[in-house]
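Hello,

Here is the structure I promised to pass on. My notes follow below it.

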Amino acid sequence: MVWLAVRSKSRSIIPIAKRINLMATLAHPTIFGSRASYVRSIAVAAISAAIWAAVGTSRAADTPAPSPDKLDRITEFFNNEIASGKLPGAVVLIQQHGKPVYLKCFGVQDVATMAPMTPDTIFALHSMTKPITSLAAMMLIEAGKMSLSDPASKFIPGFDDAAVAVGTAAADGKTVLKLVPADRPITIADLLRHTSGITYDYIGGKLIMKAYSESGLLDGRYDNKTFADRIARLPLARQPGTLWRYGYSTDVIGRIIEIVSGQTLYQFEKQHILDPLGMTSTKFVLDNAAERARMAEPLPDDTILKDAETERRAHPEWESGGGGLVSSLTDYARFAQMLLNGGELDGKRYLGPAAFKTMTSDHVGADSGVARDYYYFPGDGFGYGYGIAVRTDPGNARPPPPGSIGELKWDSGSGTYFGVDPSLDMIYILLEQTQNERSRITPAFKKLVYDAFGQENGKDSGKGN
């Protein structure tokens with residue numbers, strides 16, 4: 001029931017609520033060449049023009065352009081995924097200098113209805129919600145409404161008595177959890193960079209996972225206030241500030257945004273981010289049948305994702321800052337382009353240069369004192385800023401993973417994935433709904449993107465953030 005791409009070592013979604021034990025058939029390639037395909041092509045062209053007109057050229061282009069032949073390999077890859085029945089559909093955008101250089105829709109958004117994918121198809125973002133929530137927090141920090149050093153307990157008193165769970169041998173030889181006081185308070189910075197000690201029930205030792213799964217954290221009805229109060233009572237898995245560990249930290253940030261702003265999380269994001277950016281399809285709850293008809297669905301046998309989506313939709317009162325938003329390619333392209341522009345789009349600045357630099361710099365590097373968990377989802381060669389991964393070095397793999405120094409990215413357990421590459425003045429977005437295949441598809445997609453630009457793996461162009 002975690003909307004935020006909770007992942008195992010293989011980066012598969014792991015269910016959080018204890019009531020979930022596991023978090024159509026073939027897609028029909030015959031949709032291509034049909035009248036639906038023609039209508040879709042017209043829609044794609046219109047959306048491409050709209051994106052280009054809205055965004056404009058962001059900067060002078062002295063960077064490599066993608067090879068048309070190599071871009072065709074992306075088309076071949078996803079056509080094969082659809083034809084082989086591994087994926088119902090997907091939408092892909094590569095945008096350079098503010099202009100789409102590749103925009104294609106593949107397959108259908110739902111094998112039950114056979115509605116074709118379009119740039120306005122709506123996808124559950126899961127963890128790609130996190131960068132939006134983190135931007136909202138950084139806006140309040142920049143406005144002086146809160147600070148990175150503020151303790152979480154300033155806003156949520158339950159964190160006053162934060163304690164860390166430590167495994168201790170009992171008299172009978174069994175290991176039991178012993179609670180020890182936290183060495184220092186959890187801060188806003190800890191929540192933004194996942195060093196709070198807050199975890200998920202699939203990460204950590206068996207006893208901490210058991211404590212989370214049996215806590216009733218996700219029982220019944222709950223909004224952000226109830227959720228934050230509940231999680232404040234749970235033991236921390238590590239001392240604050242010592243370990244990067246994925247967890248509900250961004251959901252706690254969502255509640256703090258509500259307290260500081262006096263608005264619900266959605267109200268604040270809608271007023272300050274979504275409406276100004278023109279992200280009209282990005283929300284926690286779809287408002288009407290027409291919107292719901294645009295929703296992408298996983299294949300029927302993708303049971304983990306289907307169960308997770310059922311739970312997400314069953315709790316509209318929980319505006320999960322860590323993974324509750326839905327969005328479209330058209331919308332998320334606006335958000336990604338704003339990040340590429342350093343926090344500005346169409347003459348409106350969302351985050352000042354200094355605050356943007358703070359958000360997109362690595363805060364878990366060698367000098368930070370932060371260790372990296374076994375499940376370190378930013379990945380090889382990446383550090384982590386406040387709500388987003390940032391490429392800091394080529395990494396340890398040989399050859400290094402594709403990409404550029406300074407690249408920003410995040411993804412999710414439902415297969416949604418985006419990156420922002422300042423060195424190429426480029427964004428890339430993949431929206432799909434698959435837990436079963438995403439750990440294979442997303443790295444293959446990224447390699448195809450960078451192959452198209454002839455980019456060396458882990459290249460440092462000197463133009464990064």
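Which residues of the largest nonpolar core touch the most other members? They are Ile 231, Phe 418 and Ile 429, in a core of 94 residues. A nonpolar core here is a set of buried Ala, Val, Leu, Ile, Met, Phe, Trp, Tyr and Cys residues joined through side-chain atoms within 4.5 Å. Buried means under 20% relative accessible area, exposed means over 50%, and partly exposed lies in between (1.4 Å probe, protein chains only).

Before the rest, some ground rules. This is a predicted model: local features need pLDDT of at least 70, side-chain atom pairs count only at pLDDT 80 or more, and totals for chains, interfaces and linings use all residues. Residues are numbered from 1 along each chain as its sequence is written, and side-chain values use heavy atoms, with hydrogens and water left out.

Take Phe 418. Neighbours within four places in sequence aside, Phe 418 is in contact (heavy atoms within 4.5 Å) with Met 128, Pro 131, Tyr 332, Ala 336, Leu 339, Ile 388, Leu 408, Lys 409, Trp 410, Tyr 428 and Ile 429. There is also a second, separate core of 23 residues. Among its members are Leu 71, Tyr 102, Leu 448 and Phe 453.

**Helix H7**

Helices (H or I, at least four residues) and strands (E, at least two) are DSSP runs, numbered from the N terminus.

H7 is mostly covered, with ten of its 13 residues buried. Ser 249, Asp 251, Arg 255 and Glu 258 are among the buried ones. The buried residues of H7 pack against helices H3 (130–142), H4 (188–193), H6 (224–232) and H8 (265–277). Just after H7, Gly 262 takes a positive phi of about 75°.

**Backbone points to check in the loops**

- His 97 is not a glycine, yet has a positive phi of about 55°. His 97 is in the loop between strands E1 (89–96) and E2 (99–110). It counts as buried because its relative accessibility is 12%.
- Asp 346 also has a positive phi, near 55°. Its loop runs between strands E9 (344–345) and E10 (348–349). At 45% relative accessibility, Asp 346 counts as partly exposed.
- Arg 398 and Pro 399 are joined by a cis peptide bond, with omega about 0°. Pro 399 is in the loop between strands E13 (389–391) and E14 (408–411).

Best wishes
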